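Hi,

Here is the structure you will be working with. Please open it first, then read my notes beside it.

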Amino acid sequence: MAKERFEKPTGTQDVLPGAVEKWQVVEAKARELCRRFNYREIRTPLFEHTGLFERGVGETTDIVEGEMYTFKDKGDRDLALRPEGTAGVVRAYVQNKLYGEPDVSKLYYIGPMFRYERPQAGRYRQFHQFGIEAFGAVDPAIDAEVISLGYQFYIDLGLKDVRVELNSVGNAPSRAAYREKLLDFLRPMRESLCSDCQRRMERNPLRVLDCKVDQDKFGGAPSILDSLDEECTEHFAKVKGHLDVMGVEYSINPRLVRGLDYYTHTAFEYKAAGIGSIDTVGGGGRYNGLVEEIGGPDQPGIGFGIGLERILLILENQGVELEAAKPLDVYFVALGEAADLEITKQLFRLRSLGFSAERDYLGRKMKAQMKSADRMSSRYTAILGEDELNSGVIALKSMETGEQRTVKLDELAEALIQN
Ligand code: ATP
Ligand code: MG
């Protein structure tokens, strides 16, 4: 009887050799970019106490209302796979007292996130985000830096037509004023809104603007920018000023909200066409109340989360080639048993010197081995038969030019470097 076969869980992906190189390029670009901007990596657990996300992401969000993978462990603790990166990073910032450091804490992460969503192109149950968080500064220059880092990420990858949408959600007093104006606008249409929106109208009206179902009904909604007080207006103007001098282009979208109480001032999204109805590739904002909400001191923060699957999909749609994997330096072809042992020695030596090298392990004939070298786009093949072995030499063939020469076995590395 055949054994039961397993398939990957719905909404997850296997990244196979051939595709994984693209991931490596994207991740390497993110790391390199963070180095230039002086952000340092932080790695936090893939699961946290469920309460952290309820508090840190917000109880009226799509995530907490229905997308979290929650479970009880054997100790009866309520845990959740992380649905996003910020809450865990804020928790780590507080728990490890990073706020005690004299400089702004500039952190980044890359890793998997988990949300129970209906899978489609660009929407998965396990997906990956590159995100940054900067704690400890209210200076609008850092808002602009965060936005510009994400913007530069897309440019470094060669992604075309990425747009930055920008808004300010103000401070608590500005939002309270806006809340009233927004409710005046929403009340007459209450019955026509989806049940989620009706519920959110009571608890958190700003989130209504974020609804995917009722999106197009809010064209005439009042602009939050008209409710901003002086402090908020000034902060917003300065953020724009910093973006302008960097040449980072953006458009103002007054309906872009992050509706939680501790989101303040700057809110932004990165948009790019190319995956069906999905056009958001990343988003972020300032969260001056969040650190305190999670039990820390009153420290401001700002960050973004960028989805990597969506970037890869769009890069592919746009026909943008990421640098291919490096070819092999040398493929060893051994003929005969004595040569076999010498190849093992040469292979290990070259690898330890930094070359990428491979050999045959299937006992194949020379012709089949040469084909392998070809498939692996090796720059060279090094062929060792009994005669060569006895004279202490090896035949080195350039796969590019077809040119072949004999080099001393102990000068093989030098010969490879020279070319
Ligand atoms: P959406 O409106 O598409 O549901 P979101 O508002 O839930 O996005 P955020 O929580 O702001 O998204 O996450 C930031 C980024 O993470 C998104 O812009 C997207 O690129 C990516 N992302 C979010 N959810 C998923 C998912 N289920 N699968 C793949 N990528 C995702
Ligand atoms: Mg979502």
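**Notes on the model**

Ile-417 sits in helix 14, which covers residues 412–418. This is a predicted model, so please read every value below as computed.

Let me stay with Ile-417 for a moment. Is Ile-417 buried or exposed? Its relative accessibility is 63%, and exposed means over 50%, so Ile-417 counts as exposed. Now look back along the chain to Phe-355. Ile-417 and Phe-355 are 62 residues apart in the chain. Their C-alpha atoms are separated by 9.4 Å.

**The whole chain**

Next, step back and view the whole protein. It has 14 helices and 16 strands. Its radius of gyration is 28 Å. The globule rule gives 22 Å for 419 residues, and 28 Å is well over that, so the protein is more spread out than a compact globule. Along the principal axes, the C-alpha atoms fill a box of roughly 90 × 65 × 40 Å.

How much of the protein is buried? Buried residues account for 51% of the 419 residues.

The domain assignment gives two entries. Domain 1 takes in 20–171 + 229–317. Domain 2 runs over 330–418. How far apart are the centres of domain 1 and domain 2? Taken over C-alpha atoms, 49 Å separate them.

**Around ligand 1**

Now zoom in on ligand 1. There are 15 residues around it. Which of them come nearest? They are Arg-115, Glu-117, Arg-123, Tyr-124 and Gln-129.

On its own, ligand 1 has 590 Å² of accessible area. The protein covers 87% of that area.

What is the shell made of? It divides into three nonpolar, six polar and six charged residues. Three strands each supply at least two residues of the shell: strand 6 (126–135), strand 10 (278–286) and strand 11 (301–307). Which strand gives the largest share? Strand 10 does, with three residues.

**Two loop residues with positive phi**

Here is a backbone detail to check. Most residues other than glycine have a negative phi. Asn-38 has a positive one, near 65°. Asn-38 is placed in the loop between helix 1 (20–37) and strand 1 (40–41). Its relative accessible area is 52%, which makes Asn-38 exposed.

Asp-161 also has a positive phi, near 60°. Where is Asp-161? Its place is the loop between helix 5 (140–157) and strand 7 (163–168). Asp-161 is exposed, with a relative accessible area of 65%.

Glu-249 lies in the loop between helix 8 (230–246) and strand 8 (251–252). Glu-249 is exposed too, at 62% relative accessible area.

Thr-50 belongs to helix 2, residues 50–57. Is Thr-50 buried or exposed? Buried means under 20%, and Thr-50 has 8% relative accessibility, so Thr-50 counts as buried. Its side chain has a polar atom 3.0 Å from the backbone oxygen of Leu-79.

Arg-359 is in strand 13, residues 357–359. Its relative accessible area is 12%, so Arg-359 is buried. Compare its position with that of Gln-369. Arg-359 and Gln-369 are ten residues apart in sequence. In space they are 8.1 Å apart, C-alpha to C-alpha.

**Where to begin**

Then turn to Asn-38 and its positive phi. Finish with Thr-50 and the backbone oxygen of Leu-79.

Best wishes

Notes
Residues numbered from 1 in each chain as written. Chains lettered and ligands numbered in written order. Predicted model: local features only at pLDDT ≥ 70, side-chain atom pairs only at ≥ 80, totals over all residues. Heavy atoms only, no water. Near = heavy atom within 4 Å. Areas by Shrake-Rupley, 256 points an atom, 1.4 Å probe, with all protein chains shown as cover. Helix = DSSP H or I, 4+ residues; strand = E, 2+ residues; numbered from the N terminus. Nonpolar A, V, L, I, M, F, W, Y, C, P; charged D, E, K, R; others polar. Domains from an automatic or database assignment. Rg over C-alpha atoms; globule rule 2.2 N^0.38 Å. Buried < 20%, exposed > 50% of the residue type's maximum accessible area, 1.4 Å probe, protein only. Polar contact = N/O pair within 3.5 Å; in protein donor to acceptor, adjacent residues only side chain to side chain.
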